[in-house]
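Colleague: I have a model on my screen and would like to learn how to read it. Could you walk me through a few features?

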Amino acid sequence: MHNVASIIQSTLKNLFGSSPSLDLLYACLGYLVPCLAVVTVISMIGGILTLMERKVAGAIQNRLGPNRVGPSGSLQWIADAIKLHLKEDIIPALADKNLFRLAPYIVFVGTVLTGMVIPFGGSFIVVDLNVGLIFIIVAVSLIVIGLLMSGWASNNKWALLGGIRSAAQIVSYEIPSALALLTVILITGSFSMQTIVAEQGLFPWQWFIFYNPFTFIAFFIFSIASLAELNRVPFDFPEAESELVSGYNVEYSGMRFGFFFAAEFGNIFVTASIATAVFLGGGNIGLDPYDSGIGYQLLMVLVFFAKVIPLCFVSLWVRWTLPRLRIDQMMSMCWKYLIPISFVCLISTALWMLVFNGNGIFWRMSGS
Amino acid sequence: MAELVSQEMFLNMGPHHPSTHGVLRLIVQTDGEIMRRAIPDIGYLHRGIEKIAERVPYQGFMPYTDRIDYVSAFSGNLGYALTVERLAGIEVPEKAEYLRVIAAELARLGSHFIGVGAVLLDLGAVTPFVHALRERETYNDLMEMLCGARLTHNYARIGGVSHDVPEGFKEKTLRFIDHLEHEFIDEFNNLISFNSILVKRFANVGVVSAEMAIEYTLVGPNLRGSGVPFDLRRDDPYSIYDRFDFEIPVGKGKFGTVGDCYDRYWVRIQEIRESCRIIRQALQQMPEKGAIRTKIPKVFKPPKGEMYVRTECPRGEMGFYLISDGGKNPYRLKIRTGSFSAMSILEELSQGVMVADLVAIIGSFDIVAPEIDR
C-alpha cells in the first residue's frame, strides 16, 4: 500500500470480491480516479493562482485587483475560464494546423504528468514511482516541445522567436535544476518521492534544505532555475510581451490559449510542490503516512499546502517586482554561474556523505 | 547533404507593438536575436497639425498644440503662445508667467513619470510603471483644478492663461511636491533604479557620445544624458525661468559609459527633483493678486513677420517657426520636436544590438509617437 491507487484497489476487492477480470477493472479504476483527481486539482489550482496573481499584483501596485465576481472577486477565475471556453477558436490560415492544435495539450500534459508523482501529503500520491524524481525531470522537459511546436506552427515570426527562446532557455535551465535535485538524491539514495519526504521530518532542522550548506544553496539554485523553466519574470523571454508581443502564444485564442495559461500556472504549483517535497519536508509531520488515521493524513495535506502556497507567492512576488534580463545575460547566468555552482554542490554533498558518514549538520540520518 | 542556407529575417516591429509608444513602425533586420539594423518608418500618426494652423485663427490653434505631445500638453501650449506673443509684441502679466511656469513644470513631472515608467514597462517591470502612474494621477488632478481638463489642458492663451489659481491649489501642489521629493523619488529608486537587473539592462547599452548627440541634434534629456549641459531654461531663458535657481542634471556614466540608456533614464529621474524645486520657488514668488491675461482683440492680427521660439519641453527642445502675413490665420507654422530627432539616431544605434536592447533604447529616448509625426 504505497499510494491511493492501491488503496482504492484493495477497498474495491474487499467490497466486491476478486477475480482476474475484476482485478483488471479495479486496477484501471484505481489509477483513473486519482489521475482525474490530480488533473482537476492542478487545473483548479492553476485557476486559483491566476486569481492570486492578480490579487498579489493589485496589492503590490496599490490596486484592488479583481473584485466584481463573487465575494471580493473570489470567483473571477471561474468567470475567466468560462469566457475562454466561449471564445472563438481562431487558427491562422497559414498555420500548421495539426501542430497548432496539438501544442497546448502537450504543454498541459507535461504539467499534469508531473502531478502524478507529487506527494500531496499522507498517502495522497497517484503513484509512488521508484524513479519519481527522474520522472518529474523528464515530464517537465516535455513542455519545451509543446512551446517550440506552438512557436513553429503559428507561422508567425514573433512566435517563432518565442519558441526558439523557450527551447534555449528551458533546455539550459533544466541542467542546474536537475543537478540541484540530484544533490538530495545523494542523501536519500532513492528517487521515490514518498521516501524523500519520509526521510525528512516535521521540524525545519529535519528538512533537507538544512542538511548541509550545499543543499541550502541547491534549494536556491532550484528556485531560480525553476523560475526560468516556468518562463516567469525575470526570465519570461518566450513571451516577453514588450519585445515579442506575446511570444509563442501570440496566435492563440480561446481555450487553446487557456491551456497554455493553465499549464503555466499549474507549473508554478508543481515546481513549488517539488521544492516543498524535496527540500522542505513535504507533508511530513513525523508520522507514518500510510498507517495514520484519516485526520492525520488530512493534516499532512494541510502542512504540505501550507509550505507550497508561500513558495507560489514568492514566484508571484518576484514576477511583479523585477524587470526582465536580456537573453544573453540569462544564458550566461545559467552556464557560467548556476551550473558550476550546482556541480560544486553535488560533488561537495557526495564528499560530505563520505566524510560525515551520512550525517547532516543538525540531525542524524535514520538507520545510520 | 544539402547545404543549409541561413537567411536574415525581416521583422515588422509595429505599427501595433506594445513597446513602440504609440503607432510607430520599425523594420527590423535580425539574425536570430542579434539585430543588423532597425529602420524607423514614421508617419502613422500624421494629423497635419501644421497645415491646420494655416486654416484656423491664431487663438483657435491653441487646442491643437495640446495634441502635438499629449503626454505633456501644456508644453505645446506654452511654446505656441510665446511665439505669437513675441511676434505681436504682447506683454504677459506677471502672475500669468508664474502660472505658466508652474503648469509647464507640472507637465514635465507628468511626462517624466510616463517616460521613466514606460521604459521600465518595456523591460518587463510592471509595478514601477503603476507607481509612476499613481503620481501622474495627482498631476492630472492638479491640472484639472487649474483648468478643468486632465489630458489636453488648453490652458495657455495668447497673452496669458485661461484660469486663475483655484482655492486649495497651492496647498495641494506643495503637498504633492513634498511627497515627490521626500517619499516618491527615494521609494522609486529603491524599488527599481538601483536594481541590478535594471542596471545590467541599461548600462553600456545604446551609448550616444556627446559629439554624436550633437550631430544627430538630440535635444532635452537625451542630449543631457550624453553629458552636454544644455538646457534652454538656463541657456536661452524664456518666460521667467531666469528667476529660479535649479540645476541641470547631466549624464555622468553612473553605472557605465556616459550617454548610455541608464544616463538618459537617470537624468529624467533627477529632473523630477529639479522641477519640484522650480515649482516650489514659483509658488512662493507668485503674486497673490493680479491680472492673468492681457486683452487681445477678438479678431487678432499680428503684424507681418516671422518668429522662431524654442522652449524646453520634457522631450527636449520644441520650436515653433511662425510666419505671419498680417492676416488672421498664420501663413505658415513649422513645429520642431524632440522625438523626431531621437528617431533619426535609432538606425545607427540599433546596429548589432539585441532585440531586447532595441526596446530599451527606444524607451530610453522617451519617444511619443504623435510628436514625431505631428
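Modeller: In chain A, 79% of the contacts with a separation of 6 or more join residues 24 or more positions apart. Two residues are in contact if their C-beta atoms, placed from the backbone, lie within 7 Å. This is a predicted model, in which local features need pLDDT of at least 70 and side-chain atom pairs count only at pLDDT 80 or more, while totals for chains, interfaces and linings use all residues. Residues are numbered from 1 along each chain as its sequence is written, and chains are lettered from A and ligands numbered from 1 in the order in which they are written.

Colleague: How many helices and strands are there in chain A?

Modeller: These are DSSP runs, numbered from the N terminus: helices are H or I with at least four residues, strands E with at least two. Chain A has eleven helices and zero strands.

Colleague: At what angle do helix H4 and helix H14 of chain B pack?

Modeller: Axes are lines fitted to C-alpha atoms, for helices over the stretch in contact, and angles run from 0 to 180 degrees between N-to-C directions. Here the angle is about 175°, with the axes 9 Å apart. Angles over 145 degrees count as roughly antiparallel, so H4(B) and H14(B) are roughly antiparallel to each other. H4(B) contributes B:Ala118, B:Val119 and B:Asp122, and H14(B) contributes B:Val359, B:Ala360, B:Gly363 and B:Ser364.

Colleague: What is the mean pLDDT of chain B?

Modeller: pLDDT is the predictor's confidence in each residue, from 0 to 100. Chain B has a mean of 86, and 99% of its residues reach 70 or more.

Colleague: And how many residues does each chain give to the contact between them?

Modeller: Chain A gives 22 residues and chain B gives 26 residues.

Methods
Parallel < 35°, antiparallel > 145°, perpendicular 65-115°, else oblique.
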